[in-house]
Amino acid sequence: MTAAPDQRQRLKAIIGGSAGNLVEWYDWYAYAAFTLYFAPHFFPSEDRTAQLLSAAGIFAVGFLMRPIGAWLMGIYADRHGRKSGLTLSVALMCAGSLLIAVTPGYESIGVAAPLLLVLSRLMQGLSVGGEYGASATYLSEMAGRSRRGFFSSFQYVTLIAGQLTAICVLLILQQILTEAQLDAWGWRIPFAIGGALAVIVFWLRRGLAETQSYAVAQAEGAPRSGLGELLLRHPRETLTVMFLTAGGTIAFYAYSIYMQKFLVNTSGMSRETASQINGITLFFFMLIQPLAGALSDRIGRKPLMIGFGVLGVTCTYPIFATLARTSDPWMAAMLVMAGLIIVSGYTSINAVVKAELFPAHIRALGVALPYALANTLFGGTAEFVALWFKRNDMENIFYIYVSVMIAISLVVYIRMRDTAKHSRILED
């Protein structure tokens with residue numbers, strides 16, 4: 001049997017894997033952060049909501065590729081190693097970001113502009129679909145039994161850090177460029193940065209160590225990963241991942257990705273103020289993740305998920321309804337932060353919970369595919385659904401929709417076993 005890594009090796013691997021994860025998610029979220037600026041170039045219209053709706057539709061289209069990426073690259077990571085899966089995913093993300101950076105606008109090339117935007121998001125969706133499963137599996141397997149919740153929480157720390165980096169790039173560009181420059185060409189800069197960083201991460205990930213779980217599964221001749229193996233041998237776990245993800249992912253996207261647009265389009269705040277609120281709240285949200293992950297190592301995963309479910313069901317509508325009526329940035333920031341604290345009960349531990357449900361030979365696929373399906377159906381469409389209700393003067397229905405989805409996940413949290421006590425990651 002392959003020897004377990006010592007604490008120094010674990011830390012090095014987790015830092016290396018997390019750095020790559022940060023860049024992946026920065027590239028993914030740069031699209032959302034700069035939508036307000038590039039949407040007019042690809043979707044000419046006098047109606048801002050219509051432009052945002054079109055851009056959100058393509059954001060959702062990117063999610064359609066995530067299950068395919070999860071399927072193909074989940075199998076690839078199970079058969080060829082977590083490191084190989086991580087390296088392949090960042091290469092695809094690099095290509096998608098650079099394509100957005102250089103694509104001319106609608107006035108220059110007509111309908112080809114939004115079509116190329118769709119192509120770039122399809123590539124990025126394929127990348128992120130594989131990234132989540134590979135990185136969640138890699139971090140969970142490298143963490144060690146006693147601190148698995150803490151170390152695996154860095155999967156969302158870096159996910160949020162990627163989103164926060166995109167917001168910070170936006171804030172910096174808002175300070176150094178004029179509004180006209182940012183509208184005209186400045187929005188291309190973050191995508192060029194993302195492509196360049198992805199090249200660096202590609203070489204970084206090539207030097208990562210492989211996990212003990214993968215090595216043991218290969219040495220013992222475990223069954224080959226595949227869709228049939230997942231659905232026929234692990235149907236309960238697959239459905240569990242889908243439904244525990246549904247409420248968590250829509251809540252996360254509502255409070256993070258959509259919130260910037262909500263504060264501008266509904267609360268009536270400026271783009272700069274909305275970006276600042278989004279950046280500040282995400283920073284504190286990021287810091288909470290390891291604390292909640294460490295807490296799960298002490299009390300279990302289940303109490304945190306149930307806490308998210310109960311508070312999410314009871315507080316989502318009041319938070320959004322109050323935000324819609326407030327014009328005070330400090331009050332808005334506190335309300336958004338309250339929502340994100342609630343969501344931390346899901347985000348901080350969802351990766352390790354999913355990884356602990358599956359044996360090593362099918363783990364990357366088992367984590368990635370049902371998560372990606374749920375994310376496509378609920379997370380990727382959150383903005384589109386919210387803006388559709390907004391355009392049809394039924395915005396409060398979106399608050400109810402989010403609450404109902406969290407309630408469905410809460411039922412799963414209550415019924416499932418605590419994976420901290422029944423983990424299928426067997427190594428110490």
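Is Phe-150 buried or exposed, and what is its relative accessible area? Phe-150 is buried, with a relative accessible area of 18%. Buried means under 20% relative accessible area, exposed means over 50%, and partly exposed lies in between (1.4 Å probe, protein chains only).

The model is predicted: local features need pLDDT of at least 70, side-chain atom pairs count only at pLDDT 80 or more, and totals for chains, interfaces and linings use all residues. Residues are numbered from 1 along each chain as its sequence is written, and side-chain values use heavy atoms, with hydrogens and water left out.

Rings of Phe, Tyr and Trp (its six-membered ring) pair if their centres lie within 6.5 Å; planes under 30 degrees apart count as stacked, over 60 as edge-to-face and the rest as tilted. The count comes to 28 aromatic pairs. Phe-150 and Phe-154 are edge-to-face, because their ring centres are 5.4 Å apart and their planes stand at 85°. Phe-154 is partly exposed, at 24% relative accessibility.

Phe-262 and Tyr-399 also form an edge-to-face pair, with 6.4 Å centre to centre and 70° between the planes. This pair links distant parts of the chain, 137 residues apart. Phe-262 lies in helix α14 (residues 257-265) and Tyr-399 in helix α21 (residues 395-415). Helices (H or I, at least four residues) are DSSP runs, numbered from the N terminus. Phe-262 is buried at 0%. Tyr-399 is buried at 4%. Both belong to a cluster linked by ring pairs, whose members include Tyr-255, Tyr-258 and Phe-398.

Conventions. Helix = DSSP H or I, 4+ residues; strand = E, 2+ residues; numbered from the N terminus.
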